[in-house]
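Subject: Handing over the two-chain structure

Dear colleague,

Here is the structure we spoke about, with the sequence shown alongside. My notes on what was found follow below it.

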Amino acid sequence: MNSAAIQKLLQSHPYYSFLTAAEQKRLLQQSRTLIFQAEETILQEGEEAQFLWWIESGSVKIFKLSADGNEKILHLAGAGESFNDIAVFDGGPNPANVAALTTSQIWALPALLLRSFMLENPRFSQAIIQALAQRVRYFATQIENLTLYGVTARLARFLLQQAEGDSILEAGVTRKAIAAYLATTPESVSRTLRTLQETGAIQFDRHRIIIVNAALLRSIAMI
Amino acid sequence: MNTAVPRYITLMRTEWLPKIDSLHCTGCGSCVAACPEKALALLGQKASLVNVAACTYCRTCEAICPTAAIDLPFLICFAPNQDLP
């Protein structure tokens with residue numbers, strides 16, 4: 001990616017764009033880019049957070065590991081998004097593990113410098129608060145989904161939200177990723193997809209899950 | 001980030017085929033025996049997609065694998081005229 005394209009992608013970040021031109025220049029001068037291969041670990045939970053990580057290209061998974069080694073994906077991030085924001089701004093350790101899903105080019109932006117900008121630039125601080133508040137709202141929705149709705153409704157919601165989201169060429173979601181996101185098992189996802197197929201809400205067409213009756217799926221999703 | 005489910009950009013693929021994780025595959029042969037198209041075989045005691053053209057993406061291998069070592073990525077989309085509430 002050339003520098004103009006990188007700048008354009010950086011400007012779409014929820015709070016980077018609120019830095020002054022001089023601050024942006026200083027930040028990029030003190031940052032470095034790293035390349036991670038698929039499955040390569042980027043961060044480990046509990047370690048000191050020295051950087052805010054910004055994805056120039058590729059994608060990563062942010063996940064927790066249970067005592068028996070099962071992986072629970074908290075969030076997936078792609079080009080233009082950052083991760084480990086929480087630890088950078090509260091000064092605590094990395095709250096989760098992060099690994100690359102595909103070959104990824106990622107920038108490490110120094111946490112100390114970002115914290116100093118917060119003291120100097122109120123618009124930047126306000127943008128961070130807004131981004132973190134949106135994240136709180138997102139996790140509140142997650143808690144609502146987990147506590148109020150069964151697997152069938154959660155899966156129906158997931159399918160609708162994925163289909164309504166920006167489609168990305170050649171993207172795909174696996175049964176395992178759906179299970180991790182919905183806090184259930186891959187077997188349960190398969191059973192529930194079969195049930196939704198039998199009701200006539202969805203159809204499988206090779207690698208596509210096609211929503212053929214959106215009204216029915218919305219009613220199952222309790223939307 | 002907004003309140004919507006994050007976009008799943010998990011696998012950038014040029015072709016849609018079962019993905020076999022050789023680290024988790026125990027070479028038990030369940031998928032090889034179950035595949036209705038005989039697209040799979042054991043190579044070096046690991047399951048492998050040896051007949052790519054035969055794979056119909058039927059999900060049998062994914063469902064039968066006892067170690068969840070096989071993944072089939074899917075695109076989720078609306079049928080035409082189904083994308084408006």
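Which residue in strand 6 of chain A does A:Trp54 stand opposite? The residue opposite A:Trp54 is A:Ser82, and before I go further please keep in mind that this is a predicted model.

The sheet with strands 3 and 6

Strand 3 of chain A, residues 51-57, runs antiparallel to strand 6 of chain A and is joined to strand 6 by two bridges. Both belong to an open sheet of four strands in chain A, which has the order 1-8-3-6 and antiparallel pairing. Strand 1 (32-36) and strand 6 (82-83) of chain A each have a single partner strand and stand at the edges, so one side of each is left without a neighbour in the sheet. Across strand 3 and strand 8 (104-110) of chain A lies helix 4 of chain A, residues 111-120, which runs at about 55 degrees to strand 8.

The largest pocket

The largest pocket holds about 1,100 Å³ of space. It is lined by 34 residues, and those closest to its centre are A:Lys61, A:Glu71, A:Lys176, B:Asp21 and B:His24. Two or more residues of the lining come from each of strand 4, strand 5, helix 7 (175-182) and helix 8 (186-199) of chain A, and from strand 1 (19-20) of chain B; helix 7 of chain A gives the most, with four residues. By class, the lining of this pocket has 17 nonpolar, nine polar and eight charged residues.

The cavities

There are five cavities of 30 Å³ or more in the structure. The largest cavity, with a volume of about 100 Å³, is lined by 15 residues, and B:Cys25, B:Cys28, B:Cys31, B:Ala47 and B:Cys65 lie nearest its centre. Its lining divides into ten nonpolar, five polar and no charged residues. The second largest cavity has a volume of about 80 Å³, and of the 14 residues that line it, B:Cys35, B:Cys55, B:Thr56, B:Cys58 and B:Cys61 are the closest to its centre. The lining of the second largest cavity has ten nonpolar, two polar and two charged residues.

Confidence in chain B

For chain B the mean pLDDT is 81, and 79% of its residues reach 70 or more. Over residues 1-14 of chain B, however, the pLDDT is below 50, although in the model this stretch has 54 contacts beyond near neighbours in sequence.

With best wishes

Technical notes: Residues are numbered from 1 along each chain as its sequence is written. Chains are lettered from A and ligands numbered from 1 in the order in which they are written. This is a predicted model: local features need pLDDT of at least 70, side-chain atom pairs count only at pLDDT 80 or more; totals for chains, interfaces and linings use all residues. Side-chain values use heavy atoms; hydrogens and water are left out. pLDDT is the predictor's confidence in each residue, from 0 to 100. Contact means heavy atoms within 4.5 Å. Two strands pair if DSSP finds at least two bridges between them. Axes are lines fitted to C-alpha atoms, for helices over the stretch in contact, and angles run from 0 to 180 degrees between N-to-C directions. On a 1 Å grid over the protein atoms alone, a cavity is a set of points where a 1.4 Å probe fits but cannot get out, and a pocket is an open set with protein on both sides within 12 Å along at least five of seven lines; lining residues have an atom within 4 Å of a point. Grid points are joined across faces, edges and corners, and a volume is the space filled by probe spheres set on the points. Ala, Val, Leu, Ile, Met, Phe, Trp, Tyr, Cys and Pro count as nonpolar, Asp, Glu, Lys and Arg as charged, and the others, Gly among them, as polar.
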